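Here is a short briefing on one protein chain. Look at the structure first, then work through the points below.

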Amino acid sequence: MLAIGLMSGTSLDGIDAALIETDGEGEVRPVAFVGTPYSDEDRATLAAATELALLFDDPGEHPLIERAEELLTRTHAAAIAALLEKAGVEARGVDVIGYHGQTVAHRPDKRWTWQLGDGAALAAATGIDVVAELRVADVRAGGQGAPLLPIYHAARAAGMDKPVAVLNLGGVGNITFVGEGDELIAFDTGPANGLVDSWVEAESGARYDAGGALAASGQVDEAVLTAMLDHPFFELPHPKSLDRHDFTIQPARGLSAADGAATLTAFTAACVAEAIDQLPARPKRLFVGGGGRLNPVMLRMIGERCGVTAEPSDVLGWDGDALEAEGFAYLAVRSLKGLPITFPGTTGVAQPLTGGELHAAPRTGLALRLVSA
């Protein structure tokens, strides 16, 4: 099946869209990928919607939320159009879209998680069936609802000398452990790029620490680092997940811009080291996807603290920018087939569970009409 996966991460930098051919099991062939940045205006709208959502006791309605969802439909439809043009594929040739949406709040302890994104509207805009709400069933069943991509990581790691680990460094970090016999364990490690990005934006107005240059010019404040690691999240057994806003940059206030960047980057590395220590065995190799793999200072710190070289996933021929979006395409196909997408070892759900809600596209031949409107 041809499937599109869409990912808009908590860093609010833009939309990743990937096209793959897959059976939702052992066969995966990446076809094309595009990354589309958000405009400053769109990013501000989504940030405001996130701040508002954190005040809710459960998902609800608000004009700002509606405006953000309309924005997401428009921008995701445009990203799909760009992807199909790059691939030379028509919308009618695609079987399904896996639509992650935009996480604005994640509260599995209260059995809810909130990803903005109207799957029905996106199906109508593109003329392609959409599978959305991929985390909801797991959370309602008592799971963490995250990470969702371990089964995709396991499919890509087939045939490797195990155990291996795949680390995703987005706004939040998560790790997948694939052991002997395809044992699958996964959980969130803690903040990844999120705190560093917030710090750099507050200090300089830049969106991220390009190449880790600011962190490289500073010194790690070990006292602040130790205090940040004294957080109950790290004492929890896995599986576990968190919201990007469960941690803040406040402990680093008072440090210079460079020292704060260095300390928060070291915190990301220390979070990964804590996670590695919780695995049943040391991975023989640690592959890193997401934007954090482009930060050599972060990768060096991870390697030093973990005792395992942090290798960008690109060394395997995997596009580290596309990996998450590809994974949501894969999950959409599994959802269509009724195959499990979450597991006791990945989210803590009691038994393997499928998920996602199918939104069938109206068969009107008006595919991608929002893009040309």
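Why does Ala44 count as partly exposed, rather than buried or exposed? This is a predicted model, and the answer starts with one number. Ala44 has a relative accessible area of 45%. Buried means under 20% and exposed means over 50%, so Ala44 is partly exposed.

- Ala44 sits in helix H1, which covers residues 40–53.
- Leu12 is 32 residues from Ala44 in sequence. In space, their C-alpha atoms are 9.0 Å apart.

**The second largest pocket**
- The second largest pocket holds about 500 Å³ of space.
- Its lining has 27 residues. Pro59, Glu69, Trp114, Gln115 and Glu133 lie nearest the centre of the pocket.
- Helix H2 (63–87), strand E4 (96–107), strand E5 (112–116) and helix H4 (136–140) each give two or more residues to this lining.
- Strand E5 supplies the largest share, with five residues.
- By type, the lining has 12 nonpolar, seven polar and eight charged residues.

**Helix H10**
- Helix H10 spans residues 296–306. Its buried residues are Val297, Met298, Leu299, Met301, Ile302, Gly303 and Cys306.
- At the N-terminal end, Asn295 caps H10. A side-chain oxygen of Asn295 lies 3.1 Å from the backbone nitrogen of Val297.
- Gly307 follows H10 and has a positive phi, near 75 degrees.

How values were computed: Residues are numbered from 1 along each chain as its sequence is written. This is a predicted model: local features need pLDDT of at least 70, side-chain atom pairs count only at pLDDT 80 or more; totals for chains, interfaces and linings use all residues. Side-chain values use heavy atoms; hydrogens and water are left out. On a 1 Å grid over the protein atoms alone, a cavity is a set of points where a 1.4 Å probe fits but cannot get out, and a pocket is an open set with protein on both sides within 12 Å along at least five of seven lines; lining residues have an atom within 4 Å of a point. Grid points are joined across faces, edges and corners, and a volume is the space filled by probe spheres set on the points. Helices (H or I, at least four residues) and strands (E, at least two) are DSSP runs, numbered from the N terminus. Ala, Val, Leu, Ile, Met, Phe, Trp, Tyr, Cys and Pro count as nonpolar, Asp, Glu, Lys and Arg as charged, and the others, Gly among them, as polar. Buried means under 20% relative accessible area, exposed over 50%, partly exposed in between (1.4 Å probe, protein chains only). A polar contact is a pair of N or O atoms within 3.5 Å; within protein, one must be able to donate a hydrogen and the other to accept it, and residues adjacent in sequence count only if both atoms are side-chain atoms.
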